[in-house]
Amino acid sequence: MTTLQQDDNRVWTGEHTMDARYRLPWFGGPIYLRIMVGRERRPVARSEEDAARSVRRSAATFLFFTLGACLFYTVAAVLLLLGSAVLE
């Protein structure tokens, strides 16, 4: 077992100040939400790696939603223009 796997096992099986689990109904079947609160126990290198990955994910998410909004409003504008041309 590598050191990272040992760290993962130690973090997820350890005691936490709060460990709440909620089961929620969903369209494709139930899902669950888990909230864990406790002291940070991951190595500094792993925390920094997760932070860098989070920044990349945030930028990709922003671009995805921006492009989606542009596409939506472009289609809406074209439909409005076509609708006004048909009515006149």
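User: How many salt bridges does a search of the whole structure find?
Analyst: The search finds two. A salt bridge here is a side-chain nitrogen of Lys or Arg within 4 Å of a carboxyl oxygen of Asp or Glu. This is a predicted model: local features need pLDDT of at least 70, side-chain atom pairs count only at pLDDT 80 or more, and totals for chains, interfaces and linings use all residues. Residues are numbered from 1 along each chain as its sequence is written, and side-chain values use heavy atoms, leaving out hydrogens and water.

User: Which side chain meets R53 at 2.7 Å, N to O?
Analyst: That of E49, in a salt bridge. R53 and E49 both sit in helix α2, residues 44-87. They are four residues apart, about one turn of the helix. Helices (H or I, at least four residues) and strands (E, at least two) are DSSP runs, numbered from the N terminus.

User: And what is the distance between the closest N and O atoms of R53 and D50?
Analyst: 3.5 Å, again a salt bridge. D50 and R53 are three residues apart in helix α2, about one turn. Put together, E49, D50 and R53 form a linked network of salt bridges.

User: What are the relative accessible areas, starting with R53?
Analyst: R53 has 30%, E49 47% and D50 23%. Each counts as partly exposed, because that class lies between buried (under 20% relative accessible area) and exposed (over 50%), with a 1.4 Å probe and protein chains only.

User: Switching to aromatics. How many pairs does the search find?
Analyst: Three aromatic pairs in the whole structure. Take F64 and F65: the ring centres are 5.3 Å apart and the planes are at 80°, so this pair is edge-to-face. Rings of Phe, Tyr and Trp (its six-membered ring) pair if their centres lie within 6.5 Å; planes under 30 degrees apart are stacked, over 60 edge-to-face, the rest tilted.

User: Are F64 and F65 buried or exposed?
Analyst: Both are exposed.

User: What about strand β2, which element does L33 lie in and how exposed is L33?
Analyst: L33 lies in strand β2. L33 is partly exposed, at 41% relative accessible area.
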